[in-house]
Amino acid sequence: MVGSANLNIMMKAARRAGRALAKDFREVENLQVSMKGAGDFVSRADLNAEKIIKEDLMGARPTYGWLAEEGGAEEGQDPTRRWIVDPLDGTTNFLHGLPHWAVSIALEHKGQIVSGVVYDPNKDELFFAEKGTGAWMNEGRLRVSGRTKMIESVFSTGLPFGGRPDLPDTLKELGRVLPGCAGVRRWGSAALDLTYVAAGRYDGFWERRLNAWDIAAGLIILREAGGLAEPMDPNGNIVEDGTIVCANEALFAPLAKLVRG
């Protein structure tokens, strides 16, 4: 697929940041088993990846706004366009030497996500989409799964950690979903969860308490692959609310009903 100039800039930035992160990732196992030392190292890797992405994106489009996990928000001269970036989605996996994390870059125009790129350097899988042009992984077109029965389906979610107050609600959701499906996975990267639904690897995904940079790129890839997505509150906004439930067309309603209770 030949993408727009903006999409090509995003893909180049994601690959460049991914290569830098992959190099740092190889050093994680050599660190002393010290939470502070390893955490500081990963923070530096994260910040360096964001710096690389910002150099590429803002260098090419200096008037756009900016929203990123590490660098925060910056208003652009062009108020209608904004980059939304997570330089390392899956930081805990990275810290523990687990090869499941990604670079996530989205472009927002007038409040709508119009382009998204999610790059997994460990598998060299580049997921990308632009509004109205379909979703892709490397050279292949993406489509959500064709499964229609909950009992045959595998879903993904996030699990609260560090004493977050939403644990009771999450356990109730799992209690409703698990008995009627083939399994629920928690792999620790919302960006990859969304792209895996787009690729038909998962049949659906839900999670609460996400940030805009966690889901913006994956959301357009999912939708361009034929997936349906809503916030937990059907009247809300996914990116602003930070909640999502998504699946293919056949499974969306039954999954959403179970998740929402």
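1. The largest cavity has a volume of about 50 Å³, a volume being the space filled by probe spheres set on the grid points, which are joined across faces, edges and corners. Residues are numbered from 1 along each chain as its sequence is written, and side-chain values use heavy atoms, with hydrogens and water left out. This is a predicted model, for which local features need pLDDT of at least 70 and side-chain atom pairs count only at pLDDT 80 or more, while totals for chains, interfaces and linings use all residues.

2. The lining of the largest cavity includes Thr157, Gly158, Asp166, Trp206 and Arg208, lining residues being those with an atom within 4 Å of a point. Helix H4 (167-177) and strand S11 (204-207) each supply at least two residues of this lining; helices (H or I, at least four residues) and strands (E, at least two) are DSSP runs numbered from the N terminus. By class, the lining of the largest cavity has three nonpolar, three polar and five charged residues, where Ala, Val, Leu, Ile, Met, Phe, Trp, Tyr, Cys and Pro count as nonpolar, Asp, Glu, Lys and Arg as charged, and the others, Gly among them, as polar.

3. The largest pocket has a volume of about 470 Å³, and of the 20 residues that line it, Asp89, Phe161, Arg186, Gly188 and Asp214 are the closest to its centre. A pocket, in this sense, is an open set of points with protein on both sides within 12 Å along at least five of seven lines. Strand S3 (81-89), helix H3 (91-95) and helix H5 (190-198) each give at least two residues to the lining of the largest pocket, which is made up of four nonpolar, seven polar and nine charged residues.

4. For the second largest pocket the volume is about 330 Å³, and of its 16 lining residues the closest to the centre are Gly111, Gln112, Ile113, Leu219 and Arg223. Strand S5 (112-120), helix H6 (212-224) and H7 are the elements that give two or more residues to this lining, and H6 gives the largest share, four residues. The lining of the second largest pocket divides into six nonpolar, four polar and six charged residues.

5. Helix H5 deserves a separate remark. Nine of its nine residues are buried, where buried means under 20% relative accessible area, exposed means over 50%, and partly exposed lies in between (1.4 Å probe, protein chains only). Just after H5, glycine 200 takes a positive phi of about 80°.

6. Alanine 225 is placed in the loop between H6 and strand S12 (228-230), and it counts as buried because its relative accessibility is 0%. Leaving aside residues up to four places away in sequence, alanine 225 touches Ala135, Leu142, Arg143, Val144 and Ala198, contact meaning heavy atoms within 4.5 Å.

7. Threonine 243 is found in the loop between helix H7 (238-241) and strand S13 (244-247), and it counts as buried because its relative accessibility is 12%. Its side chain reaches the backbone nitrogen of methionine 232 at 2.9 Å. Among the residues that threonine 243 touches, not counting those up to four places away in sequence, are Glu207, Arg208, Arg209 and Met232.

8. Which residues other than glycine take a positive phi? Asparagine 138, in the loop between strand S7 (135-137) and strand S8 (140-141), has a phi near 55°, and arginine 209, in the loop between S11 and H6, has a positive phi of about 55°. Most residues other than glycine have a negative phi. Asparagine 138 counts as partly exposed because its relative accessibility is 27%, and arginine 209 counts as partly exposed because its relative accessibility is 48%.

9. A search of the whole structure finds zero disulfides, a disulfide being a pair of cysteine sulfur atoms within 2.5 Å. For cysteine 181 the nearest cysteine sulfur, that of cysteine 246, is 14 Å away. Cysteine 181 counts as buried because its relative accessibility is 10%, and cysteine 246 is buried too, with a relative accessible area of 0%.

Terms used. Polar contact = N/O pair within 3.5 Å; in protein donor to acceptor, adjacent residues only side chain to side chain. 1 Å grid on protein atoms, 1.4 Å probe; cavity = no way out; pocket = protein on both sides within 12 Å on 5 of 7 lines; lining within 4 Å.
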